[in-house]
Amino acid sequence: MDPVVLFFLLGLVARLLRSDLRLPEAMYEGLSIYLLLAIGLKGGVELAKHPLLPLLPQLGGAVLLGIVLPLLAYPVLRRIGSFAKPDAASIAAHYGSVSMVTFAVATAYLLERNITHEQYMPLFVVFMEVPGIVVGILLARMGSGGTIQWPTLAHEVFLGRSVVLLAGGLIIGWFAGPDALQ
């Protein structure tokens, strides 16, 4: 079994057993930045090898999933799970976006087993992340009595660290192309 998957399982077991195992905050921060940039960069390089137009229907599907999944999860979490509105909205947003750790583990799993897959998949991560976050925030703020400040919301979503690093890496990889990164 791939070591990445085994480390993922170690973290899961440690958490379930309530271990005090934690990465130092600076190390966690550095690894997060590296992982987000690397995934975006790899996706951008692979995207440079393919024409963008045929990918548009798939990108539309990723955006649609990023919107629909939180909208489906939210009422289930509120009614059946009896979660408070902010908790249900944040969990629903996670269903619409993509876990970077899960994405990295799944990619490592496919590579380990020589299972072919499209190398530009990080592009879809970016296109699911943004609508998932937006819908989650909207669900949390709906009915709170205040109006939604769209410019503030757009800034919060599109200039959040994960979106900037993923999208930035993707764009850099796309413009640089495979030859520049060798």
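Helices (H or I, at least four residues) and strands (E, at least two) are DSSP runs, numbered from the N terminus. By this rule, His-50 lies in the loop between H2 and H3. The structure is a predicted model, in which local features need pLDDT of at least 70 and side-chain atom pairs count only at pLDDT 80 or more, while totals for chains, interfaces and linings use all residues. Residues are numbered from 1 along each chain as its sequence is written, and side-chain values use heavy atoms, with hydrogens and water left out.

The secondary structure of the chain comes to 8 helices and 0 strands. From the N terminus on, the order of elements is therefore written α-α-α-α-α-α-α-α. Taken along the principal axes, the box filled by the C-alpha atoms is roughly 55 × 45 × 30 Å. Of the 182 residues in the chain, 32% are buried; buried means under 20% relative accessible area, exposed over 50%, and partly exposed in between (1.4 Å probe, protein chains only).

A search of the whole structure finds 2 salt bridges, a salt bridge being a side-chain nitrogen of Lys or Arg within 4 Å of a carboxyl oxygen of Asp or Glu. Side chains of opposite charge can pair when their charged atoms come close. Arg-161 counts as partly exposed because its relative accessibility is 40%, and Glu-29 counts as partly exposed at 28%. Another salt bridge is formed by the side chains of Lys-49 and Glu-46, at 3.1 Å from N to O. Here Lys-49 is partly exposed, with a relative accessible area of 47%, whereas Glu-46 is buried, with 11%.

The second largest pocket has a volume of about 160 Å³. Grid points are joined across faces, edges and corners, and a volume is the space filled by probe spheres set on the points. The lining of this second largest pocket consists of Leu-47, Leu-52, Leu-56, Leu-59, Leu-123, Val-126, Phe-127, Ala-167, Leu-170, Ile-171 and Trp-174. Two or more of the lining residues come from each of H3, helix H6 (122–141) and helix H8 (161–181). H8 gives the most, with 4 residues. By class, the lining has 11 nonpolar, no polar and no charged residues, where Ala, Val, Leu, Ile, Met, Phe, Trp, Tyr, Cys and Pro count as nonpolar, Asp, Glu, Lys and Arg as charged, and the others, Gly among them, as polar.

A nonpolar patch on the surface is formed by Leu-64, Leu-65, Ile-67, Val-68, Leu-69, Leu-71, Leu-72 and Tyr-95, with about 700 Å² of accessible area together. Patches are made of residues with over 30% relative accessible area and no salt bridge; like charges are joined within 9 Å, and nonpolar side chains (Val, Leu, Ile, Met, Phe, Trp, Tyr) within 5 Å. Accessible areas come from the Shrake-Rupley method with a 1.4 Å probe, and for residues only the protein chains shown count as cover. Helix H3 (residues 56–79) gives the most to the patch, with 7 residues. Tyr-95 is placed in helix H4 (residues 85–96) and counts as exposed because its relative accessibility is 51%.

Two pairs of residues illustrate contacts between separate parts of the sequence. His-50 and Tyr-120 are 70 residues apart in sequence and 8.7 Å apart in space, C-alpha to C-alpha. His-50 counts as partly exposed, at 30% relative accessibility. Ile-137 is in helix H6 and counts as buried because its relative accessibility is 14%.

Backbone angles were also examined. Most residues other than glycine have a negative phi. Arg-18, in the loop between helix H1 (3–16) and H2, has a positive phi near 60°. Arg-18 is exposed, with a relative accessible area of 78%. Asn-114 has a positive phi of about 55° although it is not a glycine. Asn-114 is found in the loop between helix H5 (100–112) and H6, and is exposed, with a relative accessible area of 68%.

Definitions and conventions. 1 Å grid on protein atoms, 1.4 Å probe; cavity = no way out; pocket = protein on both sides within 12 Å on 5 of 7 lines; lining within 4 Å.
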